[in-house]
Amino acid sequence: MSAGAPPPQTAPAIAPYHPPPTSPPPRQSRGSTESRAVVAVISGVMGLLLGLPLGLPGLILGPIAYFVGKSAVRRIDESAGALGGRGAAVSGWVMGIVATAIGAAVTLVWLVVLLVAISAPSSG
């Protein structure tokens with residue numbers, strides 16, 4: 001090597017190969033939400049909200065939510081993934097059971113109160 005010559009070039013080091021990170025599998029999009037599931041949830045919520053103070057709406061809307069929710073679950077299961085909303089259908093179904101029970105209990109209480117009020121002797 002001479003004093004004025006450039007130093008010898010070394011080959012650049014090659015970085016080890018790291019494969020790119022794997023992305024999560026693509027999310028399988030379900031089809032549209034079954035409309036009966038939405039109806040079941042709405043009737044179940046309304047049955048609970050109106051059944052607590054009044055009773056009778058819970059007795060009417062509760063069975064509607066139960067049967068519509070049960071029907072929606074069956075249709076969603078038979079659709080092989082084309083329809084979504086199974087969770088909503090099940091929650092509407094369960095709220096229908098609860099709304100029916102609460103509606104029956106509150107209606108019974110109102111009936112007893114009415115009968116007691118009618119049978120009370122009038123002071124006059």
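Which residues of H2 are buried? The points below take this up, along with the rest of the fold.

1. **Model and overall fold.** This is a predicted model. The protein chain holds three helices and zero strands. Along the sequence the pattern reads α-α-α. Of the 124 residues in the protein chain, 22% are buried.

2. **Contact range.** Consider contacts in the protein chain with a separation of 6 or more: 75% of them join residues 24 or more positions apart.

3. **Buried residues of H2.** To answer the opening question: Pro57, Gly58, Gly62, Ala65, Gly69, Ser71, Ala72, Val73 and Ile76 are the buried residues of H2. They pack against two partners, H1 and H3.

4. **Length of H2.** Helix H2 covers residues 56-78. Its 23 residues, at 1.5 Å a residue, should span 33 Å.

5. **H1 against H3: geometry.** Two packed helices are described by the angle between their axes and the distance between the axes. Helix H1 spans residues 35-51 and helix H3 spans residues 86-119. They pack at an angle of about 25°, and their axes are 8 Å apart. Angles under 35 degrees count as roughly parallel, so H1 is roughly parallel to H3. The crossing of H1 past H3 is left-handed.

6. **H1 against H3: residues.** H1 contributes Ala37, Ala40, Val41, Gly44, Val45, Gly47, Leu48 and Gly51 to the contact. From H3 come Ala88, Ala89, Ser91, Gly92, Met95, Val98, Ala99, Ile102, Gly103 and Val106. By class, the residues of this contact comprise 12 nonpolar, six polar and no charged. Gly is counted among the polar residues here.

7. **Glu34.** Is this residue, with a relative accessible area of 4%, buried or exposed? Glu34 sits in the segment before H1. Buried means under 20% relative accessible area, so Glu34, at 4%, is buried. Leaving aside residues up to four places away in sequence, Glu34 touches Ala72, Arg75, Ile76, Leu83 and Gly84. Among these, Ala72 and Ile76 are also buried residues of H2.

Conventions. Residues numbered from 1 in each chain as written. Predicted model: local features only at pLDDT ≥ 70, side-chain atom pairs only at ≥ 80, totals over all residues. Heavy atoms only, no water. Axes fitted to C-alpha atoms, helices over the stretch in contact; angles between N-to-C directions. Helix = DSSP H or I, 4+ residues; strand = E, 2+ residues; numbered from the N terminus. Parallel < 35°, antiparallel > 145°, perpendicular 65-115°, else oblique. Left-handed = near helix turned anticlockwise from the far one by under 90°. Contact = heavy atoms within 4.5 Å. Expected span 1.5 Å × (residues − 1). Buried < 20%, exposed > 50% of the residue type's maximum accessible area, 1.4 Å probe, protein only.
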